[in-house]
Every structure is written in C-alpha cells, then in structure tokens.
Amino acid sequence: MRFVLRTTLVLCLVLGWGASSFATEAKEVPTVHGLALYDEPALPADFSHFPYVFPDAPKGGSMTQAAVGSSFDSTNPFIIRGTPAIGIGDIYDTLLVENRDEPFSVYGLLAEGIRLDPDRYWIEFDLHPEARFHDGEPVTAEDVVYSFHLLLDEGNPFYRGYYADVESVEALDPHTVRFEFAANHSRELPLIVGQLPVLPKHYWEERDFSSPTLARHPGSGPYRIAEVDPGRRIVYERVDDYWGRDLPVNVGRHNIDRLIYDYYRDRDIAWEAFKAGVLDYRIDARAATWAIGYDFPAYHEGLIERITVPDGQPSRMQAFVFNLRRDKFQDPRVREALNLTFDFPWLNANIFYGTYKRTESYFQNSDMAAEGLPSDAELELLEPFRDELPERVFTEPLPIDHPEDLRERLRLAYDLLIDAGYEVRDDTLVDAESGRPLTVEVMLYDSGMERVVQPMLRNMSRLGIRGTLRIVDINQYLNRLRGFDFDIVVGQFPQSNNPGNEQREYWTSEFADSPQSRNLMGLENPAVDALVEQLIRADSRQELNTVARALDRVLRWSFITIPQYHSGETRIAVWDKFGYPQPFPEYGLDLAAWWVDAEREAEINQRLRRR
C-alpha cells in the first residue's frame, strides 16, 4: 500500500519546524481502492466484480435502439454548440466508476489508487500505467489536467458549477494527479472529480474543441465510434483490446459487440420499427402502449419480453417549466393559477390507464421530499430568508392542498388571476392596466406530449387565457432554448440519492442566464442559492435530508414549474435475445451488464426472415 504525507507535514519542513512538530502534525494518508460518500465502500479491495453482474457473460451480438424526436450533428457531447449523438459517453473512461448496488460509492477505473486528505482539502489519483486511448497513446496525468481545464474553459456551463470548488489540478508525475479544493465544505466533491471524463490532450490540443464535429475521435473507454451517419445513425463497436477489460469494475460488463442508435423523428414510426424487429430494445414511456399495445404476433409468439425495473433513485421530476425571464410569469399567483389547469386525474383515467402518480416533490419517493409543516431543523435553515419567501413556506403543510375537482380548481385559478391584476374582457383574460391579453405558448420538439398539453390548453381557454402549442424541429428547439425564446417547455430534473454540486446548475442564480444550463426557468432566489450551498456542504445523511426538504419546500411553494407524473418504475420491452443478471442493481439499471444469447438471436433472426 502506498502512503503520502499530508500538506501539514510539508509545511513543517518549509517553515523549519522541529522533528517533534513534524511527528505530531504528520499523518499518513493510505491509498485506497474506492470511496463512499459517508461511510466505507461496501466492496473490499480484492473484489473480483460488481455483485450484480454475471462475470462469465459471453461477448458478441448487437443491440439496436431508437433515438426518437431528435437528430445529431456532433460527436462532441461536452460543449454548448451542436446536438451530440446519443451514447457517446461509452467511448470515455473516468477516473472512478459507480457501483449501482450502492447509493454513492465509487471504485477505481482509470485510477488504480486513491488518496483522500482526511480533512478533504485534496485528493490524489494514481493512474493505471497500462491505460491507453483508442489510438494507442497512454493516458497520463497531463491528460487529466488538460481535460479539466478544457471542460471549464470551453465546455458546457454545467462543468463550471460542478467543479466550482476545485482550486487547482496538478500532474505530480506521469501517472499521479492531484486536485486541490478551495474549501472542504462539499463532501461529495472528491467523488465528483472522480467522474471527470478524460480526453486525449494529444488529439484535442490541435483542434477546435468548441465547434461541433462528426469526427470519430478517440477515447479510452470500452467502445469506439464505428459509424457516423449524421442525423440518422451512430454505431459504437466494442474495443477488443480495451485496456481495462479485466479490471474488477469491468468484469462481466461491456459484453455486446455493437451498440446501434437509429434516429426517428416520430415515436409511432419507431414503435412500428420495434414491432418489425428492426429495433431490439425500447424504454416504453407511453402508458397506453404498455397497457394495450402489445397485441401483435411477435409478442404472442414469445419473441418479445416485457420487463419492469423498480426505480432505486428518487422519481425524476418531469414538468412544464415557466420562463421566469418573461414579465407575465413573475407573479407567483399567475404561475399557481396555471398549475391548476393541469388536470392530472382526468389524464390518468382517460389517457394513462391509471398507471401514473402525480409528481409533487423535486425529490419524489425519497426521504428528501418535504412533507407536512417544516421541522424545527428546516425552520432554522429557512428563518434567515423569511422576508424573501412566501409566508406559506412556513405556515402551510405539503403536499399543497389544491382541489381535485376541475371546476373547483379553475374557480381557484380564476380568483388567483383576478387577484394578480387580470380581468376578463370579451371572453379574454387581460391585464387590467395595460389591456394586454395573457397568452401562453407551450413549445415541444416531439408530438408525443401533444395529448397531455391540449387538455391543459383547453382548461386555460376556459379562463380566457390564449394558449397555443408549437411543435418545432430539434435544432430550432435547441436554438430557442439557448436564446431563452419560449414561454413553457418540458423539463426534466433527475435526482440521485445523494444530490450535490449539480444542484447549482438546476436552481442557482449563477446559471439563470447561462445558455443550455439546466436552470431552464431562469430562477434567481437568494434563499435557493443559500440552501443549495448548504446541501452541498451537508456532512451527514440526516443533514442532507433536512436541507433537501427545506429546498424542496421553497421550490414547491414558488410554483416555478407545473409538475407532471411518474410511475416509480422503468418499463422495458426487448426482443428476447438478451441475457441479464437478476436481481437488477438496487440503484439503477446497468445495460453494460447485459449480453446477447447467440442461440436465441439466431432463432429470432430465422423467424423474422420467414415472415
């Protein structure tokens, strides 16, 4: 086991302190194989593979999936410009990798050893000397340093918030890199820097990183780009001589030879392609299809399997997002009124076959979701911002007590709009002072949500609101998002069991006007900013839960979105040629652990040819 001395020991030498001071201040920092957020990683240093994989899984075959409602014009996923190809992350290795059977523990991938300062002011990684990029060049500490600065200087604004507390990165030798932290407040930060994708310096330093490209650039991961058909298809092939194939974190994983993504502009056409055997795998997000759509020969013949995987993470918040940069959405009474026009009970009964639940919390189905009145610990966090927050944050319980009956909801919505300074003239809701009508445009790039949007627009029209739906192509959609040229869009805010630095990009003022950040609504709220920083600094599970509940409470009473629905599970349909270990990992599906059953694949292909 390798050891290093802490910074305090080095200071002793520089300042000329005596041997006794040196001895008392010095502490050895052990080199370890993994890190956990709060405790110790579950797997020992000599673990042979992740517990949920089949270590002797066969290699070979292919998996074809659909990318629906989108296109791509770039193989660079790290920048603002362009639309990146799906699946491109498979070509990159990171320093550390998660075990999906633990809530947040990471183990060495590019890094064979880890040293974390007990006071959490720095972390060092020893790289595997045998690590190679796809072009045969070694992965070095200089590549790590270069990647970090490249992503911060020219990458998506997300990285600026994600790595905000990293003060410096230094290559100590060709295979050792050290990250220094500005403060030790973020318990998650050492694990976060381990998720850094490492790019080849020798390749990118001669190219324009900030511009979209369709080049098949090298990574160091288990797959390389094999085919690029812009806007139509991208194919990744398994790297036979992948440097890390025998690492414990990779044993039994990355088994399928070719990962193929075909692009479809219409989900109904993609559905027909799946039924015909053109596609192998689909996540079935449409309740009606799952409930009644599998009445066709291939399913009845047993060629298609349906799988339900319970969600181990908090249910993702999917919502209609208001653009708070527009004056008409500044008044929370208007936003609450528009919330009331979303009639979930009707949708669930008439469109979703009763398969969904209404999403209420930004941390739904977890101990981080706020309930009832704020606890004493929450109040202590919220009290400094009492003058800036709605009184209801302190005095009214969650979930919000809105009527279930649509007429009652619309009556309440009308009262809120009148209270906000609107009135009805000639069946149109207008601002009482300016006479300007209240108009709302919902922008989508996929027609699949139209059946959800139209009933809401009809309810808005009953209040005199002029609501419209605009469906645009993906490139126009992205351009309008970057220019903040929208009223309402659909946004998704996935959460892990350990939210941290990514919350800055979701909610904080720093990212309110950053193009392509995930703060779609342009939220600027000092209380939210402060709570996010406290969430990042949480030093125990209990403290993290408390701060998350306080943040959840503020976000929900601010009505910055119209929350939609969730199922609490992932519904998957596949042509029955795949093997996969069971039970599934507790904290998320790992498709890398699947494999192709060659005999079953041949049987299915033969039966498809006979049709």
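Which residues does arginine 238 touch, not counting residues up to four places away in sequence? The model in which this is examined is predicted: local features need pLDDT of at least 70, side-chain atom pairs count only at pLDDT 80 or more, and totals for chains, interfaces and linings use all residues. Residues are numbered from 1 along each chain as its sequence is written, and side-chain values use heavy atoms, with hydrogens and water left out.

Arginine 238 touches Lys59, Pro222, Tyr223, His254, Asn255, Ile256 and Asp257, where contact means heavy atoms within 4.5 Å. Arginine 238 belongs to strand S12, residues 233–238; helices (H or I, at least four residues) and strands (E, at least two) are DSSP runs, numbered from the N terminus. With a relative accessible area of 17%, arginine 238 is buried; the term buried stands for under 20% relative accessible area, exposed for over 50%, and partly exposed for values in between, with a 1.4 Å probe and protein chains only.

Alanine 36, located in strand S3 (residues 34–36), is likewise buried, with a relative accessible area of 14%. Leaving aside neighbours within four places in sequence, alanine 36 is in contact with Pro41, Phe104, Ser105 and Leu191. Between alanine 36 and glutamate 188 there are 9.0 Å in space, C-alpha to C-alpha, although the two are 152 residues apart in sequence.

The next element is strand S10 (residues 176–181), which is mostly covered, five of its six residues being buried. Two strands pair if DSSP finds at least two bridges between them. Strand S9 (residues 166–173) pairs with S10 in the antiparallel sense over six bridges, and the two strands form a hairpin with two residues between them. Within this pairing, alanine 171 stands opposite valine 177 in S10. Strand S8 (residues 122–127) also pairs with S10 in the antiparallel sense, over five bridges; here threonine 176 of S10 is the bridge partner of aspartate 126.

A further region contains an open sheet of three strands in the order S14-S25-S15, with antiparallel pairing. Strand S14 (281–283) and strand S15 (304–310) are the edge strands, each pairing on one side only. On average, neighbouring strands of this sheet are turned by 20° against each other, direction ignored. Three bridges connect S14 with strand S25 (residues 569–575), and these strands run antiparallel; tyrosine 281 has valine 574 in S25 as its bridge partner. Helix H7 (residues 267–275) packs on the sheet and touches S14, S15 and S25, its direction making about 50° with that of S25.

The last topic is a helix pair. Two packed helices are described by the angle between their axes and the distance between the axes. The axes of helix H10 (residues 332–340) and helix H14 (residues 406–419) come within 8 Å and cross at roughly 160°; axes are lines fitted to C-alpha atoms, for helices over the stretch in contact, and angles run from 0 to 180 degrees between N-to-C directions. H10 is therefore roughly antiparallel to H14, a term for angles over 145 degrees, whereas those under 35 count as roughly parallel, 65 to 115 as roughly perpendicular and the rest as oblique. The contact involves Arg333, Val334, Glu336, Ala337, Asn339 and Leu340 of H10, together with Arg409, Leu410, Leu412, Ala413, Leu416, Leu417 and Asp419 of H14. The residues of this contact divide into eight nonpolar, one polar and four charged; Ala, Val, Leu, Ile, Met, Phe, Trp, Tyr, Cys and Pro count as nonpolar, Asp, Glu, Lys and Arg as charged, and the others, Gly among them, as polar.
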